[in-house]
Amino acid sequence: MALAVTNVTAFSISANKVDVEFSEAVKQVSDLNSDDALNPSNYHITDSSYGIVAVASVEALTPTHVRLTTSTIAKGVNYRLHTNRITATNGDVMQADITSAEGIASAEAFGTAMVASAPPS
């Protein structure tokens with residue numbers, strides 16, 4: 001099976017909201033399913049000193065787009081989004097961990113992109 005979800009892009013839209021866009025449509029059935037894009041435990045946001053930003057909930061926006069509600073994202077701090085265990089709608093499972101390369105924009109620069117790419121399979 002080919003790896004379906006190979007890229008994830010994220011934008012902080014406020015001090016406690018992060019929009020996440022997947023390269024493929026992802027499963028969005030229930031936040032109780034361990035492989036579902038709606039499950040908050042499938043997302044981890046860390047800062048450069050590995051401090052953790054809590055992800056409280058996930059809202060489906062489109063088949064490839066979700067919105068995370070988080071604890072406060074501090075101004076002037078770079079963050080990384082880690083995603084895992086999410087299944088594409090075609091049944092392919094995302095690589096164990098797709099991690100951002102650039103970091104999520106801080107609260108001072110909403111709308112700046114962060115891109116995460118999986119290594120080639």
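**Salt bridges and a histidine**

R67 is partly exposed, its relative accessible area being 23%. Please bear in mind throughout that the model before us is predicted.

What does the side chain of R67 meet in a salt bridge? The partner is D19, with a distance of 2.6 Å from N to O. D19 itself counts as buried, because its relative accessibility of 8% falls under the 20% limit.

Is H65 buried or exposed? H65 is buried, at a relative accessible area of 17%. Its side chain is joined to that of D19 by a polar contact of 3.3 Å, and to the side chain of E21 by another of 3.4 Å. Leaving aside residues up to four places away in sequence, H65 touches D19, V20, E21, Q28, E59 and A60.

How many salt bridges does a search of the whole structure find? The search finds two. Besides the pair of D19 and R67, there is a salt bridge between K27 and D35, whose closest N and O atoms are 2.7 Å apart. Here K27 is partly exposed at 22% relative accessibility, and D35 is likewise partly exposed, with a relative accessible area of 23%.

Thank you for your attention.

Terms used
Residues are numbered from 1 along each chain as its sequence is written. This is a predicted model: local features need pLDDT of at least 70, side-chain atom pairs count only at pLDDT 80 or more; totals for chains, interfaces and linings use all residues. Side-chain values use heavy atoms; hydrogens and water are left out. Buried means under 20% relative accessible area, exposed over 50%, partly exposed in between (1.4 Å probe, protein chains only). A polar contact is a pair of N or O atoms within 3.5 Å; within protein, one must be able to donate a hydrogen and the other to accept it, and residues adjacent in sequence count only if both atoms are side-chain atoms. Contact means heavy atoms within 4.5 Å. A salt bridge is a side-chain nitrogen of Lys or Arg within 4 Å of a carboxyl oxygen of Asp or Glu.
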